[in-house]
Amino acid sequence: MEEAKNVTAKPSHEDIGTTPGAVPQEAVASKSTAAGDASAAPVARDTRNTGPGRLLIAVYAVFAISATARAGYQILTKFSEAPLAYVLSAFAAVVYVVATVSLAKSGRTWFKVSVAAVLVELVGVLVVGALSVFDSVNFPHETVWSLFGRGYAFIPLLLPVLGLIWLYRRRPAPKRT
Amino acid sequence: MDAYFYIIMVVGLVSTVICLTAGILKKAPNDTTILSVAAVELSLLVYLVGSIVRVAAGEPIAGEPWEFWGYLLTALLLPVAAVYWAILERTRWSNFVLAAVGVTALVMAARMNQIWY
C-alpha cells in the first residue's frame, strides 16, 4: 500500500524534523542493520512517530488532554459521588498520557511501553465497557470507557486496535547477537 | 447554540473537509490546508474576544466559568500544535492530523456552549 512508500520516504523528513530522540534512534537502527535486517529502512525503522503514526499520536494526545481534564474535574468537584468511576477516569487518563508519550518516542524500550499501554487501554475499554452495560448500578457515572466509549464516538474502542496494528507494523527488528 | 458555535461549526467542518481531501489526494500540508486551520484558530479567537466582552459586560456563565475558559484555551492551543506537528513532517498524514482540528474544535465549541447556557 501507499503506506510502505511513505515509510521508505521517511528518512529525509526525519532529518529536517528536530526529533529529540534522534540520537538513540540512530544507534538502535544501526544495531539492527548490523544484525542483518536488510529489509528494514535503516534510520526510521525503530520509530513509530512518522506517517500514520503521527495521526495516531495526535488523536492519542487529544484523548490524553481531554481525559486528564475530565478526570481532574470529576475528582476535584464530585469525587465522593462515585469514587470508583472517577478513579477509573484518572487511570484512563494516565494510560492515554503514557501511550501518547511512548508512541512519540523511538527505540525498543518505548516500543514495549507503547504495547503495554495500548493493551491496557484495550482491556480497559472492553472491561469497563462491559461492566457499564451489564452492571450499570455500580457504573452509572461516565468515564471515557463507559459503554465502549460511546460518548466519544467509539474512538476509545477503535484507537487501541489501530494502535496495535501500527505497533505490529513498526515493531523493532528481532535482536540477534 | 449561539452564533460563535455556528461560525466554528462551519469553519471547522470546511477545514476538516479541505484537509481530509488533501490527505486522500496524497498531498503534503500546503498553504490551503494550513490556512484553513488558521481560519479555525481565528474563529476561536473571535469566540475568545466575544466571551471576554460578554463577561466584562456582566453576562453570567451558567456553568463553571473555569471549565469554560479551560475548554476555550485548550481549543486555542490545538490548531497551533497541529500546524507545528504538521510542519515537522510534511507528508499526507499530517493533513489528517490537521483535519482532526476542525472536528475537535466543533465538539469543544458545542461543549463550551453547553457550559455557558
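Modeller: Going from the N terminus, chain A reads α-α-α-α-α-α-α. Helices here are DSSP runs of H or I with at least four residues, strands are E runs of at least two, and both are numbered from the N terminus. This is a predicted model, where local features need pLDDT of at least 70, side-chain atom pairs count only at pLDDT 80 or more, and totals for chains, interfaces and linings use all residues. Residues are numbered from 1 along each chain as its sequence is written, with chains lettered from A and ligands numbered from 1 in the order in which they are written.

Biologist: How many helices and strands does chain A have?

Modeller: Seven helices and zero strands.

Biologist: And what share of chain A is buried?

Modeller: 41% of its 177 residues. Buried takes 20 or more other C-beta atoms within 10 Å of a residue's own, exposed is 12 or fewer, and partly exposed is in between, with C-beta atoms placed from the backbone.

Biologist: OK, switching to the interface. How many residues are in contact there?

Modeller: 16 residues of chain B contact 15 of chain A, contact being C-beta atoms, placed from the backbone, within 7 Å.

Biologist: Which helices of chain B supply that side?

Modeller: α3 (65-88) and α4 (92-116) of chain B each give at least two residues to it.

Biologist: At what angle do α4(A) and α4(B) pack?

Modeller: About 25°, with the axes 7 Å apart; α4 of chain A covers residues 52-78. Axes are lines fitted to C-alpha atoms, over the stretch in contact for helices, and angles run from 0 to 180 degrees between N-to-C directions. Roughly parallel means under 35 degrees, so α4(A) and α4(B) are roughly parallel to each other.

Biologist: Which residues make that contact?

Modeller: On α4(A), they include Leu55(A), Ala58(A) and Val62(A). On α4(B), Trp93(B), Phe96(B) and Ala100(B) are among them.

Biologist: Is Phe154(A) buried or partly exposed?

Modeller: Partly exposed, because Phe154(A) has 14 C-beta neighbours inside 10 Å. Over in chain B, Lys26(B) also has a positive phi of about 60° without being a glycine. Lys26(B) is in the loop between α1 (3-24) and α2 (31-56) of chain B.

Biologist: Last one: what are the ipTM and pTM?

Modeller: ipTM is 0.83 and pTM is 0.77.

Note on methods: Contact = placed C-beta atoms within 7 Å. Parallel < 35°, antiparallel > 145°, perpendicular 65-115°, else oblique.
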